[in-house]
Amino acid sequence: MNNVKTLFAEEEKKSVLLTLTQACNLSCSYCYEKNKSSAVMTYETAIKIIDDELGANDEYKYVSLDLFGGEPLLQFELIKRIVNYIENKVYNKAYVIFIMTNGTLVHGEIKNWLLAHKENVVCGLSLDGTRRMHNINRSNSFDEIDLKFFKDNYPNQDIKMTISVETLPYLYEGIKFCHENGFFVSCNLAYGIDWSAEKNITLLEEQLKLLIDYYINNPGITPASILDSDISLIGYDRENKNRQWCGVGKHTRSYDTDGRCYPCQLFMPLSCGTDKAKKANQIQFIYDDIPLSLLDEKCRECLVREICSSCYGSNYIATGNIYHKDLSLCKLKKIILKATAYLKVMRWQNGQLSLTEDEVVALMRSVKIIQDIDI
């Protein structure tokens, strides 16, 4: 039962990730997978997981099946066998098969195969901006990627763009480059690296100002995710609770090459190491609002905690506690929120955002709160 075009409510979806290989053909500067190896998933292990998940009698009607790595296309023959098996079997759930790739292997046979399976298989690309930026971060691999292939065949799929300390000075240039090549941009500062240098504050402010001007002058372009937080969520009385940010531990499950299941890929040995991974499945995740008492003290007192996104996996790697963040990113996140607020107000004032009266009230309330935060 296919899949890609069918829409379901969030609570009806689950994400199932299969780590086909722990190896990669690149060595990205910020990669969170610190424990790579030659381990690969067997076909038999993959099929058992797929049958269990797609055939499960559970509350989920839709499955995003992510074929992951490392670089998953290093196991192209395994991917072909898996997809062939799925496409020739009837399941009671809708599904999409998703492959996140660095793009360097998408040529020749692989490209032709992807074209032949577009109905069921979506391919996402990691691209870190311009040639200069991408090559700084991702092993000089820019010229090995066929950008036109991804733009033409996956037009609704965001580019996954990660900013490192070294490419921060070119943030605006990189996002503009992606837009001008026809891509939506999902963009974030890299986790797990040192952002504490004061110069990063000035650089980020400068780059975001340039990016805001670009979006104001090009109202038809959807802003990159870094400037697209829903700031109207700030200021609501949540009864001393904080929101959850993903389905980790419930709607999400990740399988390592040996078939062992973890809350998400960041809790696997590949990412957090053997010792932390062993403890990961003992974590009690809270699926509704999170009591403030579980947050770091600084976060509990923060005026913008409602929209300061939190990755449980990166928290776990950095601090050992899924609710305690790496606070070295704190100042930079506040700068991003201030810039987001300014952009939304400017777009509204210029008639580029259509808001109801209630939405305007929520926006202005949130902007006032954001203006009061200390960097």
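Some ground rules. The model is predicted, so residues are numbered from 1 along each chain as its sequence is written, local features need pLDDT of at least 70, and side-chain atom pairs count only at pLDDT 80 or more, while totals for chains, interfaces and linings use all residues. Side-chain values use heavy atoms, with hydrogens and water left out.

Let's start with the sheet. It is open and has 6 strands, in the order β4-β3-β2-β1-β8-β9, with mixed pairing. Strands here are DSSP runs of E, at least two residues, and helices are runs of H or I, at least four, numbered from the N terminus. Two strands pair if DSSP finds at least two bridges between them. Which strands stand at the edges? They are β4 (121-125) and β9 (261-262). Each has a single partner strand, so one side of each is left without a neighbour in the sheet. β9 pairs with β8, residues 252-255, in the antiparallel sense over 2 bridges. Cys 261 in β9 is the bridge partner of Tyr 255.

Now the helices. α1, residues 43-54, packs on the sheet and touches β1 (13-19), β2, β3 (94-101) and β8. Contact means heavy atoms within 4.5 Å. The direction of α1 makes about 175° with that of β1. α2 also packs on the sheet, touching β2, β3 and β4, and its direction makes about 170° with that of β3. Axes are lines fitted to C-alpha atoms, for helices over the stretch in contact, and angles run from 0 to 180 degrees between N-to-C directions.

How do α1 and α2 meet each other? They pack at an angle of about 35°, with their axes 11 Å apart. Residues of α1 in that contact include Ile 47, Ile 50 and Leu 54; those of α2 include Leu 78, Ile 82 and Ile 86. By class, the contact has 9 nonpolar, no polar and 2 charged residues. Nonpolar covers Ala, Val, Leu, Ile, Met, Phe, Trp, Tyr, Cys and Pro; charged covers Asp, Glu, Lys and Arg; the others, Gly among them, are polar.

Last, the backbone. Most residues other than glycine have a negative phi, and most peptide bonds are trans. Gly 69 and Gly 70 are joined by a cis bond, omega about 25°. Gly 70 sits in the loop between β2 (62-68) and α2 (76-87). Ser 139 has a positive phi, near 55°. Asn 140 has a positive phi too, about 55°. Ser 139 is partly exposed, at 31% relative accessible area; Asn 140 is exposed, at 59%. Buried means under 20%, exposed over 50%, partly exposed in between, with a 1.4 Å probe and protein chains only.
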